[in-house]
Amino acid sequence: MKLRIGSSAPSALAVALPVPLGGALPHEAVPAAKAAHFNGEVGTCCEARTGGRLLLLLGIGPSPHNATYRAAGAMAVARLSHVKRIALDATGLFAPQAAAFALGAVQRGWTPPQNRRNTDPDAPKLTHIDLISEIPGIEAAWGDAEAVWHGSELARDLVALPSDVVTPDGFIERLEPLRKAGVSITVLKRRDLEREGLGALLAVGQGSAHRPRLVLLQWEGAMEAKPVVFVGKGVTFDTGGICIKPADKMWEMRADMAGAAACAGAMLSLALRRSPAPVCAVLALAENAVGAESYRPGDVLTSFSGKTIEVIDTDAEGRLVLADALAWAVRRLRPAAVIDLATLTGSIVVALGHEMAGLFGNDPALAAHVAAAGEVVGELVWRMPMAAGYREALASDIADLMNCARGKGQPDACQAAAFLGEFVGETPWVHLDIAGVESHETADDAQAAGATGFGVRLLDRLVAARFEDPHRA
Amino acid sequence: MLDIGFAKSALPKSGALVLLLEEGEPLAGDLLTAIDEATAGAVLRALAAAEFKGRAGTHCTILAPGAGLSRVIAIGIGKPDSLTQRTAEEAGGNVVPLLAKETHAAIAAGGLSSELAAAVAMGAALRSYRFDRYRTKEKAEDKPRLTKLVLLAAQPVKAREAWVPLKATVEGVFFSRDLVSEPANILTPAEMADRCMALEKLGVKVDVLGPKEMNKLGFGALMGVAMGSANEPRMVVMHWNGLSGGKKPSKAAAPPLAFIGKGVTFDTGGISIKPAAGMEDMKWDMAGAGAVCGLMATLAGRKAKVDVVGLVGLVENMPSGTAQRPGDVVTSLSGQTIEVLNTDAEGRLVLADVIHYCQEQFNPRFMIDLATLTGAIIVALGHEYAGLFSNDDALSAQIASVAEETGEKTWRMPLADAYDRGLKSDIADMKNIACRYGGAITAAQFIQRFVKDGKPWVHLDIAGMAWSSKDTATTPKGATAFGVRLLDRLVSAHYETT
C-alpha cells in the first residue's frame, strides 16, 4: 500500500468523504443518499456514482473524534478494496483527524504477505491511497502515524508468516528495518544463553532444531533516563511440547509469537518517528517442539533469576521464556518500567473473549497509563487481578514454584500473571495477555482478517504520552 | 449455633483458654501474664519452646497447663494495632477447629475494642457451622463438642451490644448455608419457598407465586426452564419494610432496594445435559437465591432501617418428555423473545423474567442479582473473586469497598456492545448463548437486556464462590453463603438511615 498526500487526486477511481450527522452532501450524491436513507449517522455509509467516479459517503455522527475518523478510514478501505486507487477526502479536517483517517485506511488495507501475489480475481486490488488535505501540519501528523503504520505492518507480517519461515532465526532476519532505522540489535545465542543461565528459555527451546534466542533491541533516544523495556513472548510455533496440543486448530499457534512481534513493531515505530525516549525490547524466541531432547512435565528448571521451576505442563511454556526474559531485562537494563506482551493463556480468551486484552501488573499508575493508551488507539485492555491465592496455587513440593496449577478449569491467566510477577521484583510492571486479540477471525468494516498487530499502537502511544517528557517524575 | 457469651476479663476456672497474642518480644496479650503466673511459668516456657512469635495465622496449643484448665491456645494476631474487623473475624474463626474436643472455652479479648471482640465472636460462630443433618451414624466423639464460647472483654456489655447485629448476620448466613447444602431431592422449589415462609417470623412479608400465576403473568422464559421438571417452579418475593416498622410502605415512601437470586434447585443442564462428572455440584445452583434469602433473614434479624425486596426464581432444570428443547423460542415477561440454543444456559432465562417483574412491581432504587451463572467466570477469576458486572460505577465502587472489608471479594468485569452483538439471533430478539469465549460477559449482556435504561444494576456471577472445597478461616468446607455478608454490609454502610 502506498499513501500520497496532495491537494487533489485526479487519478483516484473512488473518493471517500466523511459526512457529519445531517451534514451537507455534494449535490450529485443527494439522490443516492436519499434512496439509502443515509444521513451521516456514525458507522453507516452510502455509495454514489458521480460522473466516472465512485463516491463513498462515510457517516461520522454528530461529534466525531480521532477514533471516528480512524474507523471511517477503515470502512473506506473495507468497502473500496476492489478499486486500485482511492482518495480520502480530508478537506476541512484538522491534521490529527486527517492522519487518523489515513491511518485507519492503511491499517485496514493490510493483507497477509502470503496473499500479496494473489491471482484470485476477488482479491483486494487496492494499492494506492491519496489523502486529500492541504492543512498545515499534515506532513508532521502523518509522519507519526506512518511510523506506527510501518511498525504495525512489521508486526502483522511476522505474525502472519508461517513458522517454517519465522523460526527464531527467521524472526531475527526480519528485523532488518529496525537496524536501518537506528535500533541496535543484539542476539544471544545458545552459548550466551547458557553462560547467562537462562535455563527456562533454553529448556523450552531444546526440543526444536531451531534453537532459542534472546534478542535485545535498543533505541537510545535523546534523554538521560532509565529505559522503558518491552518484553515479548516469541514462541515461533507452539506444539505444546510433550504435553502436545490437540490437532484441531493447532496451525493457529504460528501466531504464538505475536507478543514479540508487537514489541518489535513498536520499536520500529518509535525509531522511525525519532522518539526522544530511551526504549528497549527483549524478545524471547523459541520453538516449543516435540523432540527427543524436549523438556518434560516434572522437569525442574533453574531460571535466570535463580528460582527453580517445576514444569507441570510443557504447554505452559510462554511464562517460562518470559520468566527469563523479564528477570534478565530487570537485572541487565534497570528499566523505569517493564511492559510484557504475550499470547499467554486460553483462560484469558474465556474471560474476555476477542474484544479486550487482559492487563495485570504491580503498579496501579503504570496500569492506568497503559489502559489509557489502549483506549486512545482502540486497543482495549481490561484490568485483571493479582491476588495471593493465585500465587499460592503454584506452590511446588519440589521447587520454588510450578509453572501452572494442576487440574482443569483453573484461572490460568491470573495464575500465569502471578507466576510472572515472581520474576520482576519491585520494578513497575504490566503484563498484557493478548491471546484472543492478536488475530481477527473474519474481515469486517473495522478490521482486516488475520494478524491485528495488537500492542504496537498501544506501546507507541504509551511512550509518547508518558515517557517522552524529560521532566517526568 | 454456638452459644456465645461475654464476660469480664478474668482467668476461667476450667475448660480451654484462648490467648490472642501480638507479635513482638516479649509476647503480649490479655491474660498472658495471669495465666503464666497461675501455671508457674509453664505457658511462656511452652510458647518459647514452640518458637511461637505471634505472627498472624499461627497458633500453639498447650495441653493441661495447670490452673484447672484443659488447654491454653495461643493465637497470633500480628503486629500491635494491625487487627481489622476482618482479621479479627479470621482469628476467631481459626480458633474453632482447635477447640473441637472442648465443650466450653473462653477467649481472652480484653485487649481489644468491643467491636473487635464482637468480630472475633462472629468469626468463631461463622466457622462453627456444620451441616450434619444426614450423618446419622456419626459417633459422639467424632463430632465437635464445643457448645459454649465466652469472650472475655474489657467492656462485656458494650461487646455484647456490638455482637447483637452480628449474630443476626451469622443466623442469616447459616440460613443460607442450610439451603445451599440441602440436596436437591429435599430442597425442591416448593420446599425452598416453604422455608422462605419461615422468615415471616422475623417480620418479613413473603409472597409466593406458583406456575399458574406465573403463566398468567407471562413468565415465558422462567416457565420454559421449569417445564421439564415434575417439581413445580416458584417465585418468592420477600419484603422487609424496615423503615415503616414492618408495615407496607406508603406510596410516598422511597423505592426499595432490590436483590434478586437465581434459584435453580438442581441443574442437570436439561436436554443439553451436563457431563456426569461433578454434576452433584449442581445442587448448589440455587446459591444466588440462597444468598438473597440469607440477606433478607439478616436484615430482618437485625431490624435494619431500610426497605428491601428480595426476589428468587426457583426452578429445577430437568431433561424429560416435557422439557424445553434447544431451538425453542420463548417469550419473556418483558415481551422480548429468546431463542434457546442451549438449555444449560438456563439461569439467565430465570433471571430475565424475575428482573423484569421486579422493575415493573417495585421500580427499585437499584437491583443487584446474584447467580451461579457461568463456568467461564471460574476460568477467569477462579475462587478468589466473584465477577461484578454493572451499568453503574458508583454502586460498583461501593460494593468493591465493602467486599474488601467482608472478605467476600468481587472483581469488576467489562460490559460492551461488542459482546452484546454475539447474542444476535436469526429468528428471535436474542439467543441465550454467544460463542464460548467471554461467556461470563455475554451472559451478563443477556441479563442487561432485561434491565431498563438508567436503572442502576449489578450482576454478581458467584459460580466460583458459592461452594468451597476447603476450609477457610470463617467458612468450613461447603456452602459459603457468599453475598450475604457482602450485601448486608453494603446496606449498613451506604443505605441505612440511622
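Visitor: Is Ala67(B) buried, partly exposed or exposed?
Guide: Buried means under 20% relative accessible area, exposed over 50%, and partly exposed in between, with a 1.4 Å probe and protein chains only. Ala67(B) is partly exposed because its relative accessible area is 38%. This is a predicted model, in which local features need pLDDT of at least 70, side-chain atom pairs count only at pLDDT 80 or more, and totals for chains, interfaces and linings use all residues. Residues are numbered from 1 along each chain as its sequence is written, chains are lettered from A and ligands numbered from 1 in the order in which they are written, and side-chain values use heavy atoms, leaving out hydrogens and water.

Visitor: What is the phi of Ala67(B), and where is the place of this residue?
Guide: Most residues other than glycine have a negative phi, and most peptide bonds are trans. In Ala67(B), phi is positive, near 60 degrees. The residue sits in the loop between strand S3 (59-66) and strand S4 (69-76) of chain B; helices (H or I, at least four residues) and strands (E, at least two) are DSSP runs numbered from the N terminus. Ala40(B) also has a positive phi, about 55 degrees. Ala40(B) lies in the loop between H1 and helix H2 (42-49) of chain B, and is exposed at 61% relative accessible area.

Visitor: Which residues does a cis peptide bond join?
Guide: Glu25(B) and Pro26(B), with omega about -5 degrees. Pro26(B) belongs to the loop between strand S2 (16-21) and helix H1 (32-38) of chain B.

Visitor: Which residue does Arg319(A) meet in a salt bridge?
Guide: Asp412(A), at 2.9 Å from N to O. Arg319(A) is in helix H10 and Asp412(A) in helix H14 (residues 412-421) of chain A, 93 residues apart. Arg319(A) and Asp412(A) are both buried. In chain B, a network of salt bridges links Arg130(B), Asp132(B), Arg135(B), Glu138(B) and Lys143(B).

Visitor: What area do chain B and chain A bury between them?
Guide: Buried area is the accessible area (1.4 Å probe) that two parts lose on being put together, summed over both. Here it is about 1,700 Å², with 69% on carbon and sulfur atoms. Val379(B), Trp411(B) and Tyr437(B) supply 31% of the area that chain B buries against chain A, more than any other three residues. Contact means heavy atoms within 4.5 Å, and it takes 21 residues from chain B and 22 residues from chain A.

Visitor: How many salt bridges are counted between chain B and chain A?
Guide: The count is zero.

Notes
Salt bridge = Lys/Arg side-chain N within 4 Å of Asp/Glu carboxyl O.
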